[in-house]
Amino acid sequence: MRLAHLWDQSKCIGCGACIAACNAANYASSTKENRTWGWIRSNIKRITFDLNAKPYLLLVQCQHCDNAPCVAVCPTGASYKDKDGLVKINPSLCIGCKYCMTACPYGARWLDEDTGLPAKCMGEECLSRISGGLEPMCVTVCPAGARAFGDIDDPKSEISQKLRKGRVVKLLEYKGTQPKYFVVVGP
């Protein structure tokens, strides 16, 4: 089993529902700033490129890499790849050294100043939902159907079907991280 995220950029309407839902579910609708990103407490970072003729939106989050640099540099084993394929953090082992934040080429981790520990997708609520057979909040609330989550080793899963039908890119794939966050850029 290898769980993964898919974001269909060609369907996304840029409403931010996924970001707000992440904040509400995983950070109790906190209005405190995520100072690492200069953003709200959410595990999804919105990047907008102003290309004059057409603005370009990119939503970035943990890529749950098969070859995760954050796991490789963690001196305590707090960052690990679980048997479901997701990269997770065991806070009881984390010493707050931030090596994982530095190693991640996606900048997908941020410092939770309340705990002094790095935070990332998935938050506790989303992990709980997945263990209960539900989807992460960002997928559940997307009004455009631009997100999917599931097992890419299961050819019948929704995410596998979408991967077969769309033109898909992986961010910074040349880094050798083998990311499992797929961006659909068109049919």
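Predicted model: local features only at pLDDT ≥ 70, side-chain atom pairs only at ≥ 80, totals over all residues.

User: Why are strand 10 and strand 11 said to stand at the edges?

Analyst: The four strands form an open sheet in the order 10-1-12-11, with mixed pairing. Strand 10 (147-151) and strand 11 (167-170) each have a single partner strand, so one side of each is left without a neighbour in the sheet. Neighbouring strands of this sheet are turned by 30° against each other on average, direction ignored.

User: Why is strand 1 described as largely enclosed?

Analyst: Six of the six residues of strand 1 are buried, so the strand is largely enclosed by the rest of the structure. Both faces are covered, with L3, H5 and W7 buried on one side and A4, L6 and D8 buried on the other. Side chains in a regular strand alternate between the two faces of the sheet.

User: Why is D112 called buried?

Analyst: The relative accessible area of D112 is 10%, and buried means under 20%, so D112 falls within that class. D112 is found in strand 8 (residues 110-112), and, leaving aside its neighbours within four places in sequence, D112 is in contact with R41, L117 and A119.

User: What makes a group of residues a nonpolar core, and which members of the largest one touch the most others?

Analyst: A core is a set of buried nonpolar residues joined through side-chain atoms within 4.5 Å. The largest has 40 residues, and those touching the most other members are W7, I44, L59, Y106, M122, F149 and L171. Helix 1 gives the most to this core, with five residues. A second, separate core has seven residues, including L6, I159, F182 and V184.

User: What does L59 touch?

Analyst: Not counting residues up to four places away in sequence, L59 touches W7, C12, C18, I19, I44, K45, R46, R147 and Y181.

User: Which residues of helix 1 are buried, and what comes just after the helix?

Analyst: In helix 1, the buried residues include C18, I19, A21, C22, N23, N26 and Y27. Just after helix 1, A28 takes a positive phi of about 50°.

User: What is the volume of the largest pocket, and which elements supply its lining?

Analyst: The volume of the largest pocket is about 450 Å³. Of the 21 residues that line this pocket, the closest to its centre are I89, P91, P118, M122 and E124. Helix 1, strand 7 (87-89), strand 9 (117-119) and helix 4 each supply at least two residues of the lining.

Note on methods: Residues numbered from 1 in each chain as written. Heavy atoms only, no water. Pairing = 2+ DSSP bridges. Axes fitted to C-alpha atoms, helices over the stretch in contact; angles between N-to-C directions. Buried < 20%, exposed > 50% of the residue type's maximum accessible area, 1.4 Å probe, protein only. Contact = heavy atoms within 4.5 Å. 1 Å grid on protein atoms, 1.4 Å probe; cavity = no way out; pocket = protein on both sides within 12 Å on 5 of 7 lines; lining within 4 Å. Points joined across faces, edges and corners; volume = space filled by probe spheres on them.
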